[in-house]
Amino acid sequence: MTEESHGRGGRAVLALLSFAMLIVSLDQYIVVVALPDIGRDLGYSPQTLQSVISAYAVASSGFLLFGGRASDLLGRRRILATGLALYAVASLAGGLATEPELLLAARVVQGLGGALVFPSTLALINTLFAEGPERNRAVGIWGGSGAAGLVVGVLLGGVLTRAFGWEAVFFVNVPLATAAFALVFVLIPVDRPRDTSRSFDLPGALSVTGAMTLLVFALVQGPDRGWTSPWILGAIAVGLPLLVVFGLVERRSRDPLVPVQLVRNRTLLIATSIALMFTATFGSLLYFLSIYFQDVRGYDALETGLGFLLPTAVVVAGSSLAGKVVTRLGLKRTLIVALAIGAAGAVGLGLAMTPDNRYAALVPGLIAVSIGDGIVFTAMFIAASTGVSANHQGVASSIASTGSGIGAVIGLAILVLIANSGIDAAAGIRTAVLVISGGILLTVLIAWQLRTRSSASR
């Protein structure tokens, strides 16, 4: 299927897949602005409130490879529908939660739903649209929805929390995910019969899912619980051996979870490294910007959300145009230029984030960093799909997505420690944002390793 041969049908499918991606991305940050209200109503302590975000991150990162493999073998339409159904049910449960434990359980199920939706949407795009300009444009639109969702989540979270209470940041997903679920069966082509010659590699799926879940849990909870906590040491003590078991299983498997050709795909490995650094830097910046607006400038939830209007518009524009830019300039050049712009924007933003500066002083930095954010988000997933066969697109997208999930966890944990070591909140945030700019520059060196030939559009 190509957009040219299917006309409106191709556009409708792309719109649905982009909409599903928007839903998943929204939930990564939509609760950030609502956290203070959630903490007061459900009795979270300052030390445990961050778990509302980390519960989603742990589950999503832990199950991404499982979700990618499942979409390749069990059917991408089937896995996408399952993920959306989990999202709708978990969001309803989250909005109805009256105890901290119930909310955390809902967030875990949301993370599992995201781990199924994310790789299946990207795998569908990479198999339904031909590699080259057509796919670049499709991934650009899909990426624009994903990148926008991260920023829109903060904006929408502020508006909903102010108008209806924190429960609304969960309830809003119910009609969205339900509508997308219904449209899947109308617009997405029926899955092909399963190839019985390919196995699911259940031992590999279980070992890597267990390893990733435990290790991400340790990274997320380590700063709060303490690195010598029995919970953290236990998670590491079990997670690392499981990772070794996964490696041994893969070496002996006739049909491994991660095919050897993907391990040897240089472009995919570089794309995964860029994805890791992207969420550790650009992704963490959203968190610190939200904290700056609320804790330093005294914005309420609505004002904080409105503060993200400008970066949202720029991110959407940058990500939507990224496919065309990649087609014209190639992946390597596009990524290097976009990362350089983002790094410069982060420097400007960090210097401007003082207690008494007006919003206007942030605008140049916000525009530059948002341009980099939008373009890099799309370009790194175009890179992840380059040279990958249709049978392995789900796993390839989940490998890059796992990198982004791990980057978000590691980056935020390190940067929060840096920010908390500052003289005051404003100084700590400025330091963290300047460190982010250095991380973006480091990502330029990773992008430089892309081969020009493999980066060019076909």
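Is Arg78 buried, exposed or partly exposed in this predicted model? Arg78 is partly exposed, with a relative accessible area of 47%.

**Figure 1. Salt bridge between Arg78 and Asp191.** The side chains of Arg78 and Asp191 meet at an N to O distance of 4.0 Å. Arg78 belongs to helix α5, whereas Asp191 sits in the loop between α9 (173–187) and α10 (202–225), so the pair ties together parts that are 113 residues apart in sequence. Asp191 is buried, its relative accessible area being 18%.

**Figure 2. Salt bridge between Asp72 and Arg76.** The closest N and O atoms of this pair are 2.6 Å apart. Asp72 counts as buried at 11% relative accessibility, and Arg76 likewise counts as buried, at 13%.

**Figure 3. Salt bridge between Arg40 and Asp37 within helix α3.** The N to O distance is 2.2 Å. Both residues lie in helix α3 (residues 35–42), three residues apart, about one turn of the helix. Arg40 is exposed, with a relative accessible area of 60%, while Asp37 is partly exposed, at 22%.

**Figure 4. Nonpolar surface patch formed by Leu92, Leu96 and Phe171.** The patch covers about 270 Å². Leu96 is part of helix α5 (residues 76–96) and is exposed, with a relative accessible area of 55%.

**Figure 5. Confidence along the predicted model.** The average pLDDT of the protein is 84, and 93% of the residues score at least 70. Mean confidence is lowest in helix α1 (residues 3–6), at 42, and highest in helix α16 (residues 331–352), at 95. Over residues 454–458, pLDDT stays under 50. Where pLDDT is low, predicted coordinates should not be read in detail.

Definitions and conventions: Residues are numbered from 1 along each chain as its sequence is written. This is a predicted model: local features need pLDDT of at least 70, side-chain atom pairs count only at pLDDT 80 or more; totals for chains, interfaces and linings use all residues. Side-chain values use heavy atoms; hydrogens and water are left out. Patches are made of residues with over 30% relative accessible area and no salt bridge: like charges are joined within 9 Å, nonpolar side chains (Val, Leu, Ile, Met, Phe, Trp, Tyr) within 5 Å. Accessible areas come from the Shrake-Rupley method with a 1.4 Å probe; for residues, only the protein chains shown count as cover. Helices (H or I, at least four residues) and strands (E, at least two) are DSSP runs, numbered from the N terminus. Buried means under 20% relative accessible area, exposed over 50%, partly exposed in between (1.4 Å probe, protein chains only). pLDDT is the predictor's confidence in each residue, from 0 to 100. Contact means heavy atoms within 4.5 Å.
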